[in-house]
Amino acid sequence: MHHPQITPRSTPELTPSVEELEKQERILVFRQFTNDDAWALGSLLVEMARERQAPVAIDIHRAGQQLFHAALPGSTPDNDAWIIRKRRVVERYGSASYLVGARFRAKGTTFEESSRLSPDEFAAHGGSFPVTVENVGVIGSVTVSGLPQLQDHRFVVEALEKFLEL
């Protein structure tokens, strides 16, 4: 006899497909991206992280210049090292660090095995998302580090959706 579960198991987080991740990049586009926009977006990320007590570091770069950085309680210098490695993937590939890793996994390999890039300098792990401006292209990145990689990615996407009012 089958007994129904009294407490349903929580369903594991579904890993987004390459197509879903590419759609996020097509939608999350800015009309412009100024220093003030970087400050406002960074401040929104800090506010969201504080509400969740998320131990993250946050970084926003444009054209090689750091426009915003914050390290919340519980974050460590290691998070800053991850930010640099994830940001380099966005700069190199023009796509979210999580999407780059997902594309390698979809081909049955890993970024570390097949990219021919040093894992000490590049990390195709979730958390860095391209700052794309309409009719211009990728001009920078917004990066979060401190949560599991899919959560880092989703945290940035959620902030961008709020910021862009989507």
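Two elements count as being in contact when they have heavy atoms within 4.5 Å. Keep that in mind for these close-ups of a predicted model.

View 1. Helix α2 lies across β1 (57-62), β2 and β4, and α2 runs at about 20 degrees to β2. Helix α3 (residues 77-93) lies across β1, β2, β3 and β4. Its angle to β4 is about 155 degrees.

**View 2. The sheet itself.** Here you have an open sheet of four strands, and reading across it the order is β2-β1-β4-β3, with antiparallel pairing. From one strand to the next, the twist averages 15 degrees.

**View 3. Zooming in on β3 and β4.** Six bridges link β3 with strand β4 (residues 137-145) in the antiparallel sense.

**View 4. Where α2 meets α6.** The axes of α2 (residues 35-52) and α6 (residues 149-163) come within 10 Å and cross at roughly 125 degrees, so the two helices are oblique to each other. The crossing is right-handed. On the α2 side, the residues in contact include Leu41, Leu44 and Met48; on the α6 side, they include Phe155, Val156 and Phe163. Sorted by class, this contact has eleven nonpolar, four charged and no polar residues.

View 5. The average pLDDT of the chain is 93, and 92% of the residues score at least 70.

Methods
Residues numbered from 1 in each chain as written. Predicted model: local features only at pLDDT ≥ 70, side-chain atom pairs only at ≥ 80, totals over all residues. Heavy atoms only, no water. Axes fitted to C-alpha atoms, helices over the stretch in contact; angles between N-to-C directions. Parallel < 35°, antiparallel > 145°, perpendicular 65-115°, else oblique. Left-handed = near helix turned anticlockwise from the far one by under 90°. Nonpolar A, V, L, I, M, F, W, Y, C, P; charged D, E, K, R; others polar. pLDDT = per-residue confidence, 0-100. Pairing = 2+ DSSP bridges.
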